[in-house]
Structures are given as C-alpha cells and as structure tokens.
Amino acid sequence: MNIDTRNFKLCDLQWITFAAMSLLVIGSVAFDAIETPFGKTDKIIGGAATYISLSSSYFTDQVKLVAVVGGDFPKEDIKLLEDHGVDTEGLQIKEDEKSFFWSGKYHNDMNSRDTLVTELNVLENFDPILPASYQSSEYVMLGNLSPDVQRKVIERMDTKPKLIALDTMNFWMDIALEELHKTIAMVDVLIINDEEARQLTDQYSLVKAAQIIHEMGPKYVIIKKGEHGALLFHKNQIFCAPALPLENVFDPTGAGDSFIGGFVGHLSQCKNVSFEEMKTATIIGSAMASFTVQKFGTKSLEELILPELNERLDIFKSLTEFELT
Ligand code: AMP
C-alpha cells in the first residue's frame with residue numbers, strides 16, 4: 001500500500017482557463033438555521049448544491065444546477081448563484097410549497113454536530129428535470145439528496161458522463177439504505193465523512209471501510225475527516241490531504257460541500273481523470289472548505305477572490321512539503 005502525503009501537482013490558478021467541461025450538480029438548495037459556540041443564525045441560504053455550485057464556480061463557468069425550492073426561496077439568492085455563473089435552468093420553483101429546511105447545532109469541538117430539524121418539504125416529491133443543455137454533461141456531482149432522486153439523474157442522462165461522484169449522509173443510510181446501495185453501485189467516486197463511512201461499512205478502520213466501499217462499486221473513495229483533513233483511496237493507493245489549521249472556525253456548515261465543489265470543479269478542467277489529478281483536486285477541495293468555515297453560511301464563498309485562493313493553495317503546499325535526507 002502506498003501512502004502519499006506530500007506529492008501533488010499545484011500550479012498557479014492562471015490554470016482557471018474556463019475551458020472546463022460541463023458539470024451537472026444536483027443536491028439540496030435550502031434554508032439552514034445554524035448554532036455554533038460563536039453564534040446563531042435564523043434561516044439563511046444553504047443546502048448541499050448551493051455550496052457545491054458556489055465553490056465549483058471558481059473553477060468552471062459550466063456549472064449546471066438541478067434542484068428544487070419552494071415559493072418562499074428568495075429570488076436574490078437564486079440571482080446570487082447566477083451571478084457566480086451557475087446555470088439555474090434546472091432549478092424548479094414550486095410556488096405553493098416550502099423549501100427544504102435543515103437546522104444543526106455544533107458541539108464545542110466544532111467537529112461534530114447534532115441535526116435538530118430536517119424538514120424535507122419540497123424535496124419530498126422531487127422529480128429532477130434535466131434540461132436539454134444538461135443532457136451531455138461530462139461530469140456529474142450527485143450532492144446530498146435522496147438516493148432515489150440521485151439515481152434518476154444518472155438514468156435520465158442522454159450520454160454516459162466521464163465521471164459521476166456521489167455524496168450522501170447518515171440520514172439517507174437510516175431511511176433508504178437499499179436505494180443508496182443501488183446508487184453507490186453506479187458511481188465512480190464516493191465522497192463521505194468518516195462517521196458515515198463507518199456507518200455504511202460497519203468498519204471502524206477507514207482503510208478497511210474504503211476497501212469495502214470499493215467493492216460496492218466506486219473506483220475512488222474520499223473520506224473527509226473534518227479538521228483532520230481528507231483521505232483519497234484508489235486501489236492500493238492512498239493520499240492524505242490536510243485541513244488548514246485555523247485559529248478560529250466560525251461555522252463548519254457546508255465545509256464538506258465546499259470541498260466537493262473545489263474537487264469536482266478542478267476535475268472538470270482535466271482532460272483525463274487520474275489519481276494524480278485527484279490528489280490535486282483533494283487539496284483544492286480542502287482549500288475551498290478552509291474558506292467556508294471562516295464565516296457563517298455561504299458568506300466566504302460569495303466573497304472569495306482568486307488571489308486569496310492562490311495564496312491559500314501556496315500555504316497548503318508549504319504545509320505538506322518536506323525533504324527526506
Ligand atoms: P455539510 O456541512 O457540507 O455536510 O452540508 C451541510 C448542508 O447539507 C446544509 O446546508 C444542509 O442544508 C444540507 N443538508 C442537511 N441534511 C440534508 C439532507 N438530509 N439532504 C440534503 N441536504 C441536507
């Protein structure tokens with residue numbers, strides 16, 4: 001087994017040439033109410049697909065969103081996504097229904113949280129519609145959502161995507177495990193956190209958990225470990241990406257999805273998906289997550305500028321570089 005912690009290719013973000021291939025993103029677009037030791041928010045914009053779309057928009061102008069919201073969802077928040085170049089043709093608005101609502105409270109360590117409320121609302125009967133211009137997307141990111149709906153997206157594509165990645169969470173393992181297994185079998189990459197990997201496989205060792213997940217179908221497995229970084233597994237290779245050690249973490253909500261946005265956003269610029277590119281994508285994902293946790297909700301992702309991103313990637317490089325003498 002090769003464990004690789006230091007070699008990854010990182011160029012300047014002049015790389016962001018916007019010659020990327022299209023990236024279809026599905027997931028929740030939601031209202032969140034968050035409580036951390038630093039404060040509390042009322043309903044603010046959140047949702048897996050919101051974070052993924054905003055984060056990946058820094059790497060590609062070809063983000064195509066599939067989601068559903070209720071009539072209560074503010075038009076200016078849809079505009080926010082559009083201002084970041086996100087195509088919202090696949091975003092359904094159900095005027096007479098309420099948007100998905102999630103509320104969570106973080107423990108003092110900020111690494112664990114309790115879900116206080118999950119109101120599916122408009123997600124309960126979500127039937128994803130893929131506009132014609134989405135049909136041949138090369139990259140598909142199935143963000144956190146019912147596994148049944150995630151699978152419908154794969155089945156409704158005209159052409160086989162180059163890469164399909166999937167995220168899920170304990171909520172869906174608890175209520176739709178059989179459906180989830182069917183969906184996992186159809187994807188190339190599974191991205192989940194450590195607790196979820198353990199629940200899915202019944203294995204405490206993350207290395208064994210990744211092997212079991214490989215057997216379920218995905219060739220690549222990414223296990224996110226919050227402030228301890230992320231592990232990338234492919235066959236007998238492992239890469240470890242650190243998380244940026246920060247003095248203050250204000251709100252970890254959406255860190256996982258921001259990671260995913262950076263990860264798939266980078267890959268959508270790559271001609272060929274290889275383990276080497278996946279390593280770089282994992283570092284870029286970690287950098288995007290490090291921004292998100294520094295402010296409440298999507299604030300950091302809304303305001304990010306490319307020089308800050310470049311600077312942070314340099315920090316990641318120096319954080320992981322060492323000489324063997
Ligand atoms: P993360 O912190 O990256 O794991 O993701 C947080 C986001 O996931 C929040 O913005 C929530 O709106 C969203 N979320 C929470 N529970 C669910 C669920 N069961 N299905 C879809 N999205 C969810």
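Analyst: Axes are lines fitted to C-alpha atoms, for helices over the stretch in contact, and angles run from 0 to 180 degrees between N-to-C directions. Helices are DSSP runs (H or I, at least four residues), numbered from the N terminus. This is a predicted model: local features need pLDDT of at least 70, side-chain atom pairs count only at pLDDT 80 or more, and totals for chains, interfaces and linings use all residues. Residues are numbered from 1 along each chain as its sequence is written, and side-chain values use heavy atoms, without hydrogens and water.

The part is helix α8, residues 255–267. Take its packing with α1 (residues 48–56): the axes come within 7 Å and cross at roughly 40°. α1 is therefore oblique to α8 (angles under 35 degrees count as roughly parallel, over 145 as roughly antiparallel, 65 to 115 as roughly perpendicular, the rest as oblique). On the α1 side, the contact (heavy atoms within 4.5 Å) includes Tyr51 and Ile52. On the α8 side, Asp257, Ser258, Ile260, Gly261, Gly262 and Gly265 take part. These contact residues divide into 4 nonpolar, 6 polar and 1 charged (Ala, Val, Leu, Ile, Met, Phe, Trp, Tyr, Cys and Pro count as nonpolar, Asp, Glu, Lys and Arg as charged, the others, Gly among them, as polar).

Helix α9 (residues 275–292) also packs on α8, at about 140°, with axes 7 Å apart. That angle makes α8 oblique to α9. From α8, the contact includes Phe259, Phe263 and Leu267. From α9, Met278, Ile284 and Met288 are among the partners.

Methods
Helices (H or I, at least four residues) and strands (E, at least two) are DSSP runs, numbered from the N terminus.
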